[in-house]
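Please read the points below with the sequence and the coordinates open beside them.

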Amino acid sequence: MAGDEVLSGASTPSEAQEAMEQPSATSSSVERHAPRVNCPEHIILVVDVCKEETNTPYKLADGSRFPALYMVKRALTLFLQNKHAIDHRHKFALVVLHEYPIWLRDFTNNPRDIISDLDDLQDTTPAAHCDLSLVFDLIARQISLPQCANPALTPPPHVFRTVLVYGRSLCLPQFLGGKDLFTHLVQSPHFFLDILYTHESPSDDNKCEGIFDLLCGLDESGLSYILEVSRNATKLHNHCGSLLAHPLQRPSQRTLHYTLSNGD
């Protein structure tokens, strides 16, 4: 693949050793199998476009209302623009999820291509099920994971990260085709899975809590960020801001916290 070359600006093995030896203020019991260094990311956005009959809009402070997909697209647009500004070497791909996933845009370091595709996305009819095995089978066919002789020490040329944006409140995601390729991907030290679950307010009439528990269970390494938001536009954008952090350098979600300090 075009994205598999060793890109300029990657960290050296000596820099990797230094990064591994430096103590972290947010250390935890999570075991990492790759050096905590900066390298380009290849980010796969998986956007759920299924609109359920019970979907409610986001209501902003000025009283305006916007469909859920519109708000997700706006938040992802800011994510893409800011991530590209941080490092122009990052690449992005887009997968659309309805009854089955479609690889809509291959990896590009031009976020405007992805943003244009996002703008064209429309809500679709409710889906009978969500088969996550199809999602990860598709991803496994499209990417080639970096191979390092000593992955615990040698910086990879890049890492892959899938950001799954799941928006259903009535449909439990399943692995109808098994989890073999999912397991193959997430066991790699160079593949990361983050999930942003956008849902209705939990109630007895939906399955939000069960869906969120299931999505949390996909974090087999403890290195994923599993975030959830109901119809709160501020929290949605804040979560997308949290996803800007590099997966090799950010703290684990369980130790993540923010503090405010007085500036000089």
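**Note on the cavities, fold and selected residues**

1. The structure holds two cavities of 30 Å³ or more. A cavity here is a set of points, on a 1 Å grid over the protein atoms alone, where a 1.4 Å probe fits but cannot get out, and lining residues have an atom within 4 Å of a point; grid points are joined across faces, edges and corners, and a volume is the space filled by probe spheres set on the points. The largest cavity has about 130 Å³ of space.

2. The lining of that largest cavity consists of 13 residues, and those nearest its centre are Asp 48, Ala 68, Leu 69, Gly 167 and Thr 198. Two or more lining residues are given by each of H2 and strand E7 (159–166), and the largest share, three residues, comes from H2.

3. As to provenance, this is a predicted model, in which local features need pLDDT of at least 70 and side-chain atom pairs count only at pLDDT 80 or more, while totals for chains, interfaces and linings use all residues. Residues are numbered from 1 along each chain as its sequence is written, and side-chain values use heavy atoms, with hydrogens and water left out.

4. The chain has seven helices and ten strands, these being DSSP runs numbered from the N terminus (helices H or I, at least four residues; strands E, at least two). Of its 264 residues, 50% are buried, where buried means under 20% relative accessible area, exposed over 50%, and partly exposed in between (1.4 Å probe, protein chains only). Among contacts (heavy atoms within 4.5 Å) between residues at least 6 apart in sequence, 79% join residues at least 24 apart.

5. Where in the chain is His 84 placed? His 84 belongs to helix H2 (residues 68–86) and counts as buried because its relative accessibility is 18%. Leaving aside residues up to four places away in sequence, His 84 touches Phe 92, Asn 109 and Pro 111.

6. With residues up to four places away in sequence not counted, Val 96 touches Val 47, Val 49, Pro 101, Ile 102, Leu 104 and Leu 121. The C-alpha atoms of Val 96 and Leu 45 are separated by 8.3 Å, although these residues lie 51 apart along the chain.

7. Tyr 100, by contrast, sits in the loop between E4 and strand E5 (101–108) and counts as exposed, because its relative accessibility is 52%.

Definitions and conventions
1 Å grid on protein atoms, 1.4 Å probe; cavity = no way out; pocket = protein on both sides within 12 Å on 5 of 7 lines; lining within 4 Å.
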